[in-house]
Amino acid sequence: MVIEFCAEVWFWKGPAPWYFVSVPDEPSAEIRDVAAAVTYGWGMVPVKVRIGKTEWTTTLCPKDGCYVLPLKAAVRAAEGIEVGDTVKALLDIVGVPQSFR
């Protein structure tokens, strides 16, 4: 299952600071529809991601009824991504059963 969206990069200063992109409501609803079939705990959803020319695997984290996509430093550096930038992300949810496709 592939989902594409554009959203702004934000920074979380918590005890473990990190950069994220919030998945908008509509794509988050699509992800929720398959989450129970692919999650491996705490609602985390495994994905393959592409932003620009950079591809990697990670997990989406549930937050406030939607999901957030973590952006590691190597991805931000490779794509020149800063806080406040709008990025176009292509998500491929890993392990989606054929019945959901």
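**Charges and contacts**

I started with a negative surface patch, which Asp 25, Glu 26, Glu 30 and Asp 33 form. Patch members have over 30% relative accessible area and no salt bridge; like charges are joined within 9 Å, and nonpolar side chains (Val, Leu, Ile, Met, Phe, Trp, Tyr) within 5 Å. Lys and Arg count as positive, Asp and Glu as negative, with His and the chain ends not counted. I took the place of a charge as NZ of Lys, CZ of Arg, CG of Asp or CD of Glu.

This is a predicted model: local features need pLDDT of at least 70, side-chain atom pairs count only at pLDDT 80 or more, and totals for chains, interfaces and linings use all residues. Residues are numbered from 1 along each chain as its sequence is written, and side-chain values use heavy atoms, with hydrogens and water left out.

Asp 33 sits in helix H1 (residues 25-38). Helices (H or I, at least four residues) and strands (E, at least two) are DSSP runs, numbered from the N terminus. Asp 33 is exposed, at 58% relative accessibility. My cut-offs: buried is under 20% relative accessible area, exposed over 50%, partly exposed in between (1.4 Å probe, protein chains only). Areas come from the Shrake-Rupley method.

Ser 28 is also found in helix H1. Is Ser 28 buried or exposed? Ser 28 is buried, with a relative accessible area of 0%. Leaving aside neighbours within four places in sequence, Ser 28 contacts Val 23, Cys 66 and Tyr 67; contact means heavy atoms within 4.5 Å.

**Salt bridges**

I searched the whole structure and got 3 salt bridges. The criterion is a side-chain nitrogen of Lys or Arg within 4 Å of a carboxyl oxygen of Asp or Glu.

- Glu 4 and Lys 88 pair at 3.1 Å, N to O. They link distant parts of the chain, strand E1 and strand E6 (residues 86-93), 84 residues apart.
- Arg 50 and Glu 55 pair with closest N and O atoms 2.3 Å apart. Arg 50 is partly exposed at 32%; Glu 55 is exposed at 55%.
- Asp 64 and Lys 63 pair at 2.8 Å, N to O. Asp 64 is exposed at 71%.

I checked Arg 76 in helix H2 (residues 73-79). Arg 76 is buried yet has no salt bridge; Glu 82, the nearest side chain of opposite charge, is 6.9 Å away.

Last, I looked at Ala 7 in strand E1 (residues 2-12). Ala 7 is buried at 10%. Its C-alpha lies 8.2 Å from that of Asp 85, 78 residues apart along the chain.

Technical notes: Areas by Shrake-Rupley, 256 points an atom, 1.4 Å probe, with all protein chains shown as cover.
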